[in-house]
Amino acid sequence: MEIKREDILHLADLSELSLSEAEITTLEKDLQGIINYISQIGELDTSKVEPTYQVFEMENVWRDDVIKEQDATREELLALTKEEKDNQVKVPKVL
């Protein structure tokens, strides 16, 4: 695959970037080098390699949920908050 000036300009337009001529030339060269480097993967013989979905052994560890008794009651914990409403901690609006 060959990167052209038009590709750089299209990407810059999509990204709403304004690029100088020097930046366009540099990006064209750099992106072409990256694509050439990545394309080497296609030259590898992977016919004897089984597909891998995980790169290391992972195993789910399941345990029973156990409810532990707490020293503090809901009311005591709510009393520690700055503000509470409807038996819940009230926090500032995020959005």
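Is R63 buried or exposed? In this predicted model, R63 is exposed, with a relative accessible area of 64%. The legends below take the salt bridges in turn.

**View 1. Salt bridges in the whole structure.** A search of the whole structure returns three salt bridges. One of them pairs R5 with E21. Another is formed by R63 and D65. K90 and E83 also meet in a salt bridge.

**View 2. The salt bridge between the side chains of R5 and E21.** The N to O distance is 2.9 Å. This pair links distant parts of the chain, with R5 in helix α1 (residues 5-14) and E21 in helix α2 (residues 21-39), 16 residues apart. The side chains of E21 and R5 are also joined by a polar contact of 2.9 Å. R5 has a relative accessible area of 32% and is partly exposed. For E21 the relative accessible area is 49%. E21 therefore counts as partly exposed, because the exposed class begins over 50%.

**View 3. The salt bridge between the side chains of R63 and D65.** Here the N to O distance is 3.7 Å. The pair counts as a salt bridge because the cut-off is within 4 Å. R63 is found in the loop between α2 and α3 (74-79).

**View 4. R63 and L44, a pair apart in sequence and in space.** In sequence, R63 and L44 are 19 residues apart. In space the separation between R63 and L44 is 43 Å, taken from C-alpha to C-alpha. R63 lies in the loop that runs between α2 and α3 (74-79).

**View 5. The salt bridge between the side chains of K90 and E83.** The N to O distance for K90 and E83 is 3.4 Å. How exposed is K90? K90 counts as partly exposed, at 42% relative accessibility. E83 is partly exposed, with a relative accessible area of 42%.

Note on methods
Residues numbered from 1 in each chain as written. Predicted model: local features only at pLDDT ≥ 70, side-chain atom pairs only at ≥ 80, totals over all residues. Heavy atoms only, no water. Helix = DSSP H or I, 4+ residues; strand = E, 2+ residues; numbered from the N terminus. Buried < 20%, exposed > 50% of the residue type's maximum accessible area, 1.4 Å probe, protein only. Polar contact = N/O pair within 3.5 Å; in protein donor to acceptor, adjacent residues only side chain to side chain.
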